[in-house]
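Here are my notes on this one, in the order I would go through them with the viewer open. Have a look at the model first, then read on.

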Amino acid sequence: MKILHNIKLVVLAILITFSCKKEHDNEGGIKAESSTVIEFVNPFIGTGGHGHTYPGATVPFGMVQVSPDNGISEWDWCSGYHYSDSLTIGFSHLHLSGTGIGDLNDIRLMPINKEVDLSTSFSTRDEIPFKSKYSHDKEKAVPGYYSVFLEDFNINAELTSTVRTAFHRYEYKEGDTQSVVLDLGYAINWDKTLESQIHIEDKFTVSGYRNSTGWAKNQKVFFVMKFSKAINNYDLYTDTKKTENVNSIKGVKSSAQLFFNEGNKNQLQVKVGVSSVSVENAKNNISEYKNKFEFDKTVEKANASWQNVLSKIEVDTKNDSLKTIFYTALYHAQVAPVTYSDKDGAFRKENDSIVFAKNYTAYSTLSLWDTFRAEHPLLIFLEPNKVSDIVNSMLAYYENNKTLPVWTLYANETNTMTGYHSVSVIAEAYLKGIKGFDIEKAYEAMKTTMMQDERGLEYYKKHGYIPYNLLDESVTITLEYAYNDWCVAQVAKTLGKEEDYEYFLKRSKAFVHLFDAKTGFMRGKFEDGKKWHEPFDPKFSAHRVHADYTEGNAWQHSWFVPHDVERLIQLFGDQTTFVAKLEQLFTEDSEITGDNISADITGLIGQYAHGNEPSHHIAYMFNKANAPWKTQYWVSQILKTQYNTTPNGLSGNEDCGQMSAWYVFSSLGIYPMNPASGEYQIGSPIFEKATLKLSGDLSFNIEAKNVSDKNIYIQSATLNGKEFNRSYITHQEIIEGGTLHFVMGASPNKNWGVQK
C-alpha cells in the first residue's frame with residue numbers, strides 16, 4: 001500500500017525524517033531521538049474483519065479523531081468505517097477505536113460540488129443525497145494524516161489534526177461549485193440526536209452543538225468551524241424543513257449546505273474545534289491558530305508528535321512486516337484514552353456540572369475491562385505523566401458518584417462489562433511508583449467501590465461468590481471481583497492498613513468457591529453453596545442472557561486467577577494436571593455451542609480466544625507451573641497467527657489499545673500477566689534487539705541472539721551480564737535500566753526458567 005499521495009507529501013516526509021532527529025517533548029513525557037519509524041505504521045490494519053479501528057487523523061491521545069464515516073449501523077462499523085466498504089457520507093470528529101459498541105461520529109462535514117435537497121428525511125445511507133463512492137487506490141493514511149478522493153464529486157479530501165483541533169483541506173475541480181454539507185442529525189449505531197443547533201456567525205465562522213444519547217446517555221458536543229473562504233450563500237434545515245432568512249436554527253436534526261466564493265483557488269480549508277463545555281471553549285481550543293490555515297505544517301507537527309512517541313521503543317529486525325505490525329500496534333495503543341478537558345481545563349461531567357482539571361488533563365474513553373490488562377501497563381513505561389492524569393480523571397468521577405468508573409465514554413458511565421478494573425489501574429500505578437495523585441483519596445475510592453452493594457457486590461459479600469441464580473455472568477464477575485480485591489489488599493498493605501489488607505486478601509480467594517475439581521472448570525454455583533449450574537457444557541456460550549460467563553465460555557474464563565496461580569494449580573491437584581488441562585485449552589477443537597453464541601469469541605486456537613481480552617494472560621500461566629517452554633511455544637503461535645499487515649490484521653476488537661498492547665509486550669518477550677504484581681512473565685521475544693527508552697539516557701534492552709521464525713525457545717539468559725534463570729522479570733529491574741540477553745534455539749530447553 002502506498003503511503004504518500006503526492007510530491008508535496010513526499011517532500012514533507014523527507015523534512016519530517018530530518019526534523020525528527022531533533023528532540024520533541026510530548027507534554028511532559030520523555031524525549032526520544034530516533035530515525036523515522038512512522039513509515040512502518042499502517043492505520044488501515046484493524047479496519048477490516050472485527051478490528052473496528054478507524055483510519056482517520058488523530059494525534060497521541062487526541063480529543064479529536066477526524067475520520068470518514070461509511071454511514072452503516074452494524075457491528076463491524078462501530079468506528080464508523082469498515083475496509084470492506086466503498087461509500088462515505090462525510091468526515092466526523094469523534095470516533096471510537098476498536099470497541100464492540102458504536103457511538104460518537106459527531107459533527108459531520110461532507111464536501112460536495114452541487115446543490116442537494118436536505119429537506120427529505122433519510123433513515124439509511126442509501127437515501128443520503130451527499131454520499132460518495134471512493135476507492136482504496138485513492139485513499140491514504142499515515143499517523144496524523146488521511147486523504148481520500150470522492151469519486152461522485154471529483155473532490156480530494158485531506159484531514160489532519162492537533163490535540164483539540166481538526167483540519168480539513170478540500171481540492172475541487174476547476175469551475176465546480178465549492179460547497180460543504182454540515183450534518184448534525186444522521187446517527188450511526190447506538191447514537192441518536194436529541195437536539196442540535198447551527199449558527200452562521202459570520203462569513204467565515206459556523207458554530208453550534210449536538211446533544212445525543214446512545215451508549216453515552218448524555219453527550220453534548222459544542223463546535224466552531226473556521227473556513228478559509230467566505231460563505232456567499234447557505235441553506236439551513238431544521239428537522240427536514242428549509243428555513244429562510246435566518247442565520248441560526250435549532251431542532252432535533254439540523255443540517256446546512258454552505259456555498260463558498262470560488263476566488264482564485266479551487267481549494268477550501270476548514271479548521272474545527274470541539275468542546276464538551278461550550279462554543280466559547282471550542283473557540284478557545286483553536287485560538288492558537290487564529291486565522292491561519294497551515295495544513296501542511298499541521299501534518300508535519302502531527303507526524304513529529306507520532307514519531308516522538310513511537311520511537312520510545314526501538315526494535316531491530318530484518319523483517320519489515322514485523323516492524324509494521326509492531327509500530328502499528330504501538331500507534332493503536334496510543335490513540336486512547338482520549339483528551340477530554342479543554343485548553344483551559346474545563347470539562348462536562350455526566351450530571352452536566354462543569355469542573356476544571358487543575359494540574360492535570362482529564363481523559364475519557366476508558367475501556368477498563370480491556371485495557372487494565374496490557375494497555376495501562378504499557379503506558380506506565382511510555383507516558384507516566386498521563387497515567388497519573390488518568391487516575392485523577394477517575395477520581396474526579398468518584399467525587400460525584402462515590403464509586404470508581406467501569407467504562408466511561410465522554411464522561412458518561414456506560415456500565416459496560418464486568419468488574420471494577422479502575423481499581424487495578426490505580427493499584428498498579430501506585431505500586432509501580434507513579435506520582436501525581438492523592439493515594440489516600442485513591443485508596444478511599446478503591447475501598448468504597450469494592451464495599452458497595454451495586455453490580456452484584458451485595459451477593460459477593462454475602463455468599464463469598466455470586467450465585468448464578470441471582471445474577472447473570474456470575475462466574476466471570478466473581479473472578480474479576482476477586483482480582484480487584486487482591487489489588488485493594490496490596491495497596492492497603494503498602495499503606496499500613498493491616499486490617500483492610502487481611503479482609504480484602506481473604507475475599508480475593510473467592511475463586512475457590514467456583515472451582516469444580518471434577519470437571520476442572522470454574523462453574524456457576526447456586527446460592528445454597530452446593531449445587532452446580534446444570535446442564536454443563538464447557539463450550540457453551542450465551543451472549544449476555546442467562547450466561548455464567550461474559551462473552552465466552554468455561555474454557556476461556558476458568559483461568560482468570562492472575563493473582564494466585566499457585567492456589568489455582570493446587571485446586572487442580574498438581575502442576576502436571578494443571579499443565580495438561582491448560583494445554584488442552586489450545587489443542588481442543590474450536591467448536592462453540594449454543595443458540596446465542598457471543599460474536600466476541602474470535603481468534604480461536606483450540607478454545608483459546610485471542611480476539612477477546614479474557615484470554616490474553618492465559619498462555620503465560622505455564623510459567624507458574626514450571627513449564628515455561630510451553631509459554632514460549634504458545635505465545636509464539638499467537639504472535640504468528642493472530643496479527644498480520646492486512647486490514648484484517650487483528651483477530652478481534654482492538655478495544656482502545658488492548659489488542660495492540662498485548663502484541664507490543666509479547667513481541668518484546670515480556671507480559672504483565674498480573675499488572676499490579678510488579679512482575680512481567682517472560683515469553684518468546686521476536687526481535688534481535690528491542691530498546692525501551694525509559695528517561696533521559698536510561699534504557700532497557702532486550703536482546704535475542706539467534707532469534708528466528710523457528711528459534712522461538714529460550715536456551716539461556718543473562719541480566720546485565722549475570723546468569724538469569726527465571727521466567728519473570730520485575731518492574732524494578734526494568735526501570736533501573738540494563739540489558740536482558742536471551743540465546744534462542746529451535747528446541748525447548750526444559751531446564752531454563754524452572755524452579756528447582
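1. I'd start with the open sheet of six strands, ordered β19-β34-β35-β39-β36-β37 with mixed pairing. At its edges sit β19 (313-316) and β37 (722-723), each pairing on one side only. Strands here are DSSP E runs of at least two residues, helices are H or I runs of at least four, and both are numbered from the N terminus. Two strands count as paired if DSSP finds at least two bridges between them.

2. Before going further, the ground rules. This is a predicted model, where local features need pLDDT of at least 70 and side-chain atom pairs count only at pLDDT 80 or more, while totals for chains, interfaces and linings use all residues. Residues are numbered from 1 along each chain as its sequence is written, and side-chain values use heavy atoms, with hydrogens and water left out.

3. Inside that sheet, β34 (residues 689-695) and β35 (residues 698-705) are antiparallel, with six bridges between them. Lys693 has Ser699 in β35 as its bridge partner. The two strands make a hairpin with two residues between them, and Gly696 in the turn has a positive phi of about 55°.

4. On to the next neighbour in the sheet: β35 and β39 (residues 738-745) run parallel, joined by six bridges. Here Phe700 stands opposite Gly738 in β39.

5. Now to β8 (residues 155-161). Six of its seven residues are buried, so the strand is largely enclosed by the rest of the structure. Buried means under 20% relative accessible area, exposed means over 50%, and partly exposed is in between (1.4 Å probe, protein chains only).

6. Which strands pair with β8? One is β7 (residues 145-150), antiparallel to β8 and joined to it by six bridges, with Ser147 partnered by Glu158. Another is β9 (residues 165-171), again antiparallel over six bridges, where Asn156 has Glu171 as its partner. Both connections are hairpins: four residues lie between β7 and β8, including Asn154 in the turn with a positive phi of about 55°, and three residues link β8 to β9.

7. For the helices, a reminder: two packed helices are described by the angle between their axes and the distance between the axes. The axes of α7 (residues 384-401) and α8 (residues 422-431) come within 10 Å and cross at roughly 140°. That makes α7 oblique to α8. The axes are lines fitted to C-alpha atoms over the stretch in contact, and angles run from 0 to 180 degrees between N-to-C directions. Under 35 degrees counts as roughly parallel, over 145 as roughly antiparallel, 65 to 115 as roughly perpendicular, and the rest as oblique.

8. The crossing of α7 past α8 is left-handed, meaning that the near helix is turned anticlockwise from the far one by less than a right angle (clockwise would be right-handed). On the α7 side the contact uses Val387, Val391 and Met394, which meet Ser422, Val425, Ile426 and Ala429 of α8. Contact means heavy atoms within 4.5 Å. The residues of this contact split into six nonpolar, one polar and no charged. Nonpolar covers Ala, Val, Leu, Ile, Met, Phe, Trp, Tyr, Cys and Pro; charged covers Asp, Glu, Lys and Arg; the others, Gly among them, are polar.

9. How enclosed is α8? Eight of its ten residues are buried, so α8 is largely enclosed by the rest of the structure. Glu428 is among the buried residues. The cover over them includes α5 (368-371), α6 (375-382), α7, α9 (439-451) and α11 (474-494). Just after α8, Gly433 has a positive phi of about 90°.

10. Two loop residues deserve a click. Ser598, between β29 (593-596) and β30 (604-605), is buried at 3% relative accessible area. Beyond its neighbours within four places in sequence, Ser598 touches Ser541, His543, Glu551 and Gly552.

11. The other is Gly669, in the loop between α17 (658-668) and β32 (670-671). Gly669 is buried, at 0% relative accessibility. Its C-alpha is 8.3 Å from that of Gln681, twelve residues away in sequence. With neighbours within four places left aside, Gly669 contacts Gln681, Ile682, Gly683, Ser684 and Pro685.
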